[in-house]
Amino acid sequence: MPQPITPSAPLLRACQLNVRIGGKPILEDIHLALHREEIVTLIGPNGSGKSTLVKALVGAIKPTSGRVEIDADLRIGYVPQRLHLDPTLPITVSRFMNLPRRHRREDVHQALSNAGVETLHNAAMSQLSGGQLQRVLLARALINRPDILILDEATQGLDHRGIADFYQKIEEVRQSYRCAILMVSHDLHVVMRTADHVLCLNGRICCEGKPERVASSPDYQALFGEQTAQMLALYRHHHEEVADAG
Amino acid sequence: MLDDFMWRATLAGLFVALAAAPLGCFVVWRRMAYFGDATAHAAILGVALALVFNLSMFAGVLMVALTMASCVTLLSGRGYAMDTLLGVMAHSALAIGLVAVSFISGVRIDLSAYLFGDILAVGKDDLWVIGGGTLMVLTLLGWRWSALLTATLSDELAHASGIQPRREQLVLTLSLAVVVAVALKVVGVLLIAALLIIPAATARPFCRTPEMMALVAAGIAALAVTSGLKAAYLFDTPTGPTIVTLAAGFFLLSTIAMQGVRYLR
């Protein structure tokens, strides 16, 4: 498959993005770029506009000013925060995978198996556990072979084991699909391990850069306080271990 | 065949059942039951308008139902809780409609025909209108089915797939107005919502996919209409309410069967 995109050109770019809802500024002056095979993570306290930014990027919210540039040929896979399934709506995993467009059986199977849930093909969506549901959502996002994968706090409600497994899958997905990944996350310790670039959001981008840089920035520590100091210690510890081993 | 009033009634009932059942599924899935009620109740205002301006009943009702449904859609998410808003609008529309009808002098009209339906009085012209409306609703729903379903599951997933949830909402609003307009003659404004919701709710325990649920709901609605017509004829009861009573009976059976299955497991 030819890959005409040069490594330096971003797949997705947001310029001077502003979003106001009901006159209230939610996002101010957001700049963001996402490159192929890069994992960018959005962190920030509750109400800092993380989900709003994701919605603006996928087109669910129109920005008040500024723009989002995505090449029209690019395919976007989106994993929502969670899915509220009304119990009155009966639907199987395979039917859900074929919405809104039908896909070939092999493609559905491939996506499910890449997300680690190939055995759930005929299961009812309402019977899935939280972790299974998130993986089915991931599988559905993968079915178009996305160039950009966007995940909005996709691990909410999962236990530690579930979170670790899920991120392991994401790492595999990045390698097998060569896609760019943008995710919103609360799991600071996982973010520090998996992200290439971290954006710390609080209405505006208050700091960004490599995970270790963000973790040691005073803005970040002011936002996350106590938790940060521990996380940073953990992070350094982890890295020293790696250094020792190498 | 169409010269027999019983055949005309059966056909009209089946048409309405076919249109109402799949739409009713969306009404249930999206928790729009009260929305359906409000639109249906507003229809009586349409009846009054049609009589005053000498319009066709179908046009009058369609117009008012559309206005009502659009008002509710526009007002939703503007500060009022949805159930309060719909409670206000549904009953106001019904009351205003009844008052408006009473102002019309000269014609003595049988109000109960509009409130509870008058399926046995369906004429050949009515049959054309009902058939056309049904065809329109089924075409619209069939065309937008996947998009509607995606938007019902999640607004954000819909956006990410290039679907505009608000536009799909409009499809439902339009279909609802048409179903109300064609069902008026069959079950009347007070019972239209029942024909939307009961077959869908009855079908739910037996289905694994949305398509299956729409089909089973249509079957149950058709059964309620045909058996209701027969029962009303045998026992000399009002037809519309008899149809809904039978549908309610099916719902009860389905619920009991479901509980039984769960118990046995």
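The legends below describe close-up views of a predicted model. Local features are given where pLDDT is at least 70 and side-chain atom pairs where pLDDT is 80 or more, while totals for chains, interfaces and linings use all residues; side-chain values use heavy atoms, with hydrogens and water left out. Residues are numbered from 1 along each chain as its sequence is written, and chains are lettered from A, with ligands numbered from 1, in the order in which they are written.

**View 1. Chain A as a whole.** Chain A contains nine helices and nine strands; helices (H or I, at least four residues) and strands (E, at least two) are DSSP runs, numbered from the N terminus. Of its 246 residues, 49% are buried, where buried means under 20% relative accessible area, exposed over 50%, and partly exposed in between (1.4 Å probe, protein chains only). The accessible surface of chain A is about 12000 Å², and carbon and sulfur atoms hold 48% of it; such areas come from the Shrake-Rupley method with a 1.4 Å probe, and for residues only the protein chains shown count as cover.

**View 2. The open sheet β2-β1-β4 of chain A.** Three strands form this open sheet, in the order β2-β1-β4 and with antiparallel pairing; two strands pair if DSSP finds at least two bridges between them. At the edges are β2 (24-34) and β4 (65-70) of chain A, each of which pairs on one side only. From one strand to the next, the twist averages 20°. Seven bridges link β1 (residues 12-21) of chain A with β2(A) in the antiparallel sense, and Leu17(A) has Ile30(A) in β2(A) as its bridge partner. Helix α1 (residues 50-58) of chain A lies across β1, β2 and β4 of chain A and runs at about 120° to β1(A). Axes are lines fitted to C-alpha atoms, for helices over the stretch in contact (heavy atoms within 4.5 Å), and angles run from 0 to 180 degrees between N-to-C directions.

**View 3. The loop at Gly47(A).** Gly47(A) is placed in the loop between β3 (39-43) and α1 of chain A. Gly47(A) counts as exposed because its relative accessibility is 82%. Between Gly47(A) and Ala14(A) there are 33 residues of sequence separation and 20 Å in space, C-alpha to C-alpha.

View 4. All five of the five residues of β6 (residues 148-152) of chain A are buried, so the strand is largely enclosed by the rest of the structure. Ile148(A), Ile150(A) and Asp152(A) point one way from β6(A), and Leu149(A) and Leu151(A) point the other way. In a regular strand, side chains alternate between the two faces of the sheet. Strand β5 (residues 76-79) of chain A runs parallel to β6(A) and is joined to it by four bridges, with Gly77(A) opposite Leu149(A). Five bridges join β6(A) to the parallel strand β7 (residues 180-184) of chain A, where Leu182(A) stands opposite Ile150(A).

**View 5. Helix α3 of chain B.** Helix α3 (residues 57-75) of chain B has 19 residues and reaches 27 Å from its first C-alpha to its last, close to the 27 Å expected at 1.5 Å a residue; the expected span is 1.5 Å times one less than the number of residues. Among its buried residues are Gly60(B), Val64(B), Met68(B) and Val72(B). The buried residues of α3(B) pack against α2 (33-52), α4 (82-103) and α8 (165-187) of chain B.

**View 6. The interface of chains A and B.** Here 26 residues of chain A are in contact with 23 residues of chain B. About 2200 Å² is buried between the two chains, 60% of it from carbon and sulfur atoms; buried area is the accessible area (1.4 Å probe) that two parts lose on being put together, summed over both. Leu153(B), Leu157(B) and Arg208(B) supply 31% of the area that chain B buries against chain A, more than any other three residues.
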